[in-house]
Amino acid sequence: MGLILHPIDRVDHISKEDFVNNYLNPRKPLVIRKATESWPALQKWTFEYLKETVGDQVVPLYDSSKADPTKPINASASEMKFGDYMDLIQKQPTDLRIFLFDPIKHAPGLLDDYRSPKDLMGGFLDKYPNMFFGGAGSVTFLHYDIDLAHIFHTHFHGRKHIILFDQKWSERLYCIPFATYALEDYDIENPDFSKFPALDGIEGQQIILEHGDTLFMPTGYWHWMKYLDGSFSISLRAWDKSWAIKAKSLYNLTVQRKFDNFMKAKYKKRYMDWKEHLAVERANKALATGQPK
């Protein structure tokens, strides 16, 4: 059977009523192809422009290696001057990525170059965008965002392959306990179903984003991303109206994250081995009982 991946709906424009009724409320992903047509960034944000604007700021870099159990989640692999990294990803493939980079901190003028889609919904954290950069072939491991925000993810200057899964598939995806990422021992692009049978038959969605495309990812959606070209994206976050989701977000960011980091520091590999074993047990049980129903 394999993975069952459906295309994500795409529109050029969408009204607020249509967006709220057909995508926001039902928690359904959508690509809006011309949401950025009024953004100065659409033409202005070239590699050279960002290089000149951000300059020689040293930034942490992340690779595709499995997480070190002795370190907190999102620990970087190395660092480099931002300008040198811009040169690198334009010249050659690399698995090095810049993750959760706040450009406004280093170049406040960039704040004027994009627009939050307030015509579609409210709750945006306008002054706290995140940017992501990757070389051709670099991969963002399968995870969902710990703060459970809705995400509007806009891509620039290249292509990015994205696969999404609804939260209901978490156990079948081998979700690591006390974390928001999946077991890193399988390749979701080409999974080995004999080793990871719970993945067989999972339904998801996929898209290849191009320059200027904006992907709406509802709260809690699992996402895997692969840069097909050296390129970059910006994510704008918006809170969900549900107080239950807000409470879960607060729990994830405080209690769960602190507990997980404490246990990693104290028990290291022993703790991670236990978590991975439990993820496999839960996935097998979900498969055996036909979850999700």
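Reader: Which residues form a nonpolar patch on the surface, with about 280 Å² of accessible area together?

Author: This is a predicted model, in which local features need pLDDT of at least 70, side-chain atom pairs count only at pLDDT 80 or more, and totals for chains, interfaces and linings use all residues. Residues are numbered from 1 along each chain as its sequence is written, and side-chain values use heavy atoms, without hydrogens and water. Areas follow the Shrake-Rupley method with a 1.4 Å probe, and for residues only the protein chains shown count as cover. The residues are Phe178, Phe259 and Trp274.

Reader: Is Lys195 buried or exposed?

Author: Lys195 is found in the loop between E10 and E11, strands being DSSP runs of at least two residues (E), and helices of at least four (H or I). Buried means under 20% relative accessible area, exposed over 50%, and partly exposed in between (1.4 Å probe, protein chains only). Because its relative accessibility is 62%, Lys195 counts as exposed.

Reader: Which strands stand at the edges of the open sheet?

Author: The sheet has 7 strands in the order E2-E3-E12-E9-E14-E7-E6, with mixed pairing; two strands pair if DSSP finds at least two bridges between them. Each edge strand has a single partner, so one side of each is left without a neighbour in the sheet. These are E2 (10-11) and E6 (97-101).

Technical notes: Patches are made of residues with over 30% relative accessible area and no salt bridge: like charges are joined within 9 Å, nonpolar side chains (Val, Leu, Ile, Met, Phe, Trp, Tyr) within 5 Å. A salt bridge is a side-chain nitrogen of Lys or Arg within 4 Å of a carboxyl oxygen of Asp or Glu.
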